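I am opening a notebook on a structure that is new to me.

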Amino acid sequence: VPIFDLGCEVLSSMSMLRRFGSVARAARCAPLAARSPLGAAVARRFVSGDTPVAFEDDRKTYNTSVQWLGNLDFVCRDGDGNGVLLSGGNLGVSPMQVMLMALGSCATVDVVGILRKQRQDVRDVRVSVDAQRGTEGPRPWERIRMHLTVVGKELDEQRVLRAAKMSAEKYCGVHASLSGAADISITVEAVDPEDFHEAQKAAAESK
């Protein structure tokens, strides 16, 4: 059974990038991971307990697969085959940082969706997430600050604030997953497009 689909040979992460030219193309040459790549010949051992976690038949089950590329680099794929390159080194984003990116992305999806339903003229959203990890292993995220800048014409600030609050308290699964381990604070600002572009221009000129 070939390790890579699409006729790809086994390559290190750097040679994959050199050959295919981009992370996206390299990720597409990652394997379509089988749940039991060695078949029934090898017995699985449970790290804790002696039975798998029970799933409910009437609920959707999500699947993610991870393949080691060498060094500290990995290709991860979701159940639809979308791939992303993660790294414990400098080649890609670290798994811990992905959690913060997921938090910001999840909030953005919710806020944009809510405000558009309310016919708010949202033009752009920028999210900044700062966080600190614990001091003792396994050093989970303990403190997270997230700031959302929502750019749009004549935005209702109270609606923007409520949208962010609804995301945190009702809709965002990433926030719900992280909030059990970390203290999370969220700030929001609504900005006119012209003011936003002027601020960006001034920041670029000051560098």
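I count a disulfide when two cysteine sulfur atoms lie within 2.5 Å. The structure holds one. It joins C106 and C172, with the sulfur atoms 2.5 Å apart. C106 sits in helix 3 (residues 95–117) and C172 in the loop between helix 4 (157–171) and helix 5 (173–179), so the bond ties together parts 66 residues apart in sequence. Helices (H or I, at least four residues) and strands (E, at least two) are DSSP runs, numbered from the N terminus.

This is a predicted model: local features need pLDDT of at least 70, side-chain atom pairs count only at pLDDT 80 or more, and totals for chains, interfaces and linings use all residues. Residues are numbered from 1 along each chain as its sequence is written, and side-chain values use heavy atoms, without hydrogens and water.

Next I checked burial. Buried means under 20% relative accessible area, exposed over 50%, partly exposed in between (1.4 Å probe, protein chains only). C106 is buried at 16%. C172 is buried at 4%.

Last, I looked for a charge over a ring (NZ of Lys or CZ of Arg within 6 Å of the ring centre and within 35 degrees of the ring normal). R133 lies over the face of W141, 5.9 Å from the ring centre.
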